[in-house]
Amino acid sequence: MKSSFLRYMTLAVVLVGTLLGVAACSGPKVIPDKDLVNIFHDAIVANAYIDDNVKSSDSLYIYEPIFERYGYTMEDLQHTIMTFTERKSAMLSDLMYEVNRRLDAEAKEESRKMVVLDTLDNIAKRAYTRTMYIDTLIQVKRLKDTTKLRITIDDLVPGEYAVSFSYLIDTLDENRNSRVEAYVINRDSQEMLRHTMMLSRYREGNYSRKFKTDTTHRQLHINMFYHPRNEESKQPDITIRDFKVVRTLPTEQCIDSLYYHQLNLRMINHALMSSFVADTLKVEMPDTTDLITEPRNEEKDSLALRAN
């Protein structure tokens, strides 16, 4: 509290000095303490928004509407400050203490609001997060079955796709340098955002990777058992557990959909998102049964999006 009080006092001194340097007295009024607290409070808040590049003389125009709001002028403030020491009923430090108290209370309230907003963000993101692909167990012991380890997610939309699974390469596996690879294909059929990781052997390991997609991205490819081209693929023995691809839409879109679903209220400008239509808008949608290649245990995706 002491440090914030000194900070606000410093701001007040700078503000008062600036105003005293430009105002001239001609029949000014004495501003009552209550209005003076309000003026200092509003002026400090306004001062926080002044850009560093704004000249001090220009910034004075920011304060004039504050004086007018309470029915006073710069001259009135100058006269009040200059005659303040003659008044035995109040001290400038007392007024600034009240300003400090109000600013601290407002800062705490803003912090509380931010916590509430963060909570709403998390609720909205959970509500509009979808599991695009899930498989609890994949076992591959024959070379021809390695196709089960190659997954493709089609029709990507802007958002975040999280890929995760655990794996175990058994002692009967004859391969070396086994890896996992994942990448995105854009609408020009170019490979992007490629990520590879070496797989450990004879002990359980985990893979986790997130891909942020935009309107230029079309497919997500995951190959859980990849070998360099100069190496011959041999007898495999690998077990994959809890494979998932989870999609989370952008926070702004999640919040907007949540408000619309609960209150029938739109919060953002959809002209910026005209390339996409969510089925929460209750419009006729294309068939979504082909969202996933080789679907198994697929959960219904109630937020399937399509580019126009």
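Which residue in S5 is the bridge partner of Val-180? It's Met-197. Before going on, a quick note on the ground rules: this is a predicted model, where local features need pLDDT of at least 70, side-chain atom pairs count only at pLDDT 80 or more, and totals for chains, interfaces and linings use all residues. Residues are numbered from 1 along each chain as its sequence is written, and side-chain values use heavy atoms, with hydrogens and water left out.

**The hairpin**

S4 and S5 run antiparallel and are joined by six bridges. Strands here are DSSP runs of E with at least two residues, numbered from the N terminus, and two of them pair if DSSP finds at least two bridges between them. Four residues sit between S4 and S5 in this hairpin, and Ser-189 in the turn has a positive phi of about 65°.

Now look at Glu-181, which is in S4. Glu-181 is buried, with a relative accessible area of 9% (buried means under 20%, exposed over 50%, partly exposed in between, using a 1.4 Å probe and protein chains only). Its neighbours, leaving out residues up to four places away in sequence, include His-195, His-221 and Tyr-226; touching means heavy atoms within 4.5 Å.

| Pair | Kind | Distance |
|---|---|---|
| Glu-181 and Arg-194 | polar contact between side chains | 2.5 Å |
| Arg-194 and Tyr-226 | charged end over the ring | 5.5 Å from the ring centre |

A polar contact is a pair of N or O atoms within 3.5 Å; within protein, one must be able to donate a hydrogen and the other to accept it, and residues adjacent in sequence count only if both atoms are side-chain atoms. A charge sits over a ring if NZ of Lys or CZ of Arg is within 6 Å of the ring centre and within 35 degrees of the ring normal.

**The four-stranded sheet**

Elsewhere, four strands make an open antiparallel sheet in the order S1-S8-S3-S6. S1 and S6 are the edge strands, each pairing on one side only. S1 and S8 share 10 bridges, and Tyr-133 has Val-245 in S8 as its bridge partner.

**The aromatic rings**

The whole structure holds four aromatic pairs (ring centres of Phe, Tyr or Trp, for Trp the six-membered ring, within 6.5 Å; planes under 30 degrees apart are stacked, over 60 edge-to-face, the rest tilted). The Phe-165 and Phe-243 rings have centres 6.0 Å apart and planes at 35°, so this pair is tilted. Phe-165 is in S3 and Phe-243 in S8, so the pair ties together parts 78 residues apart in sequence.
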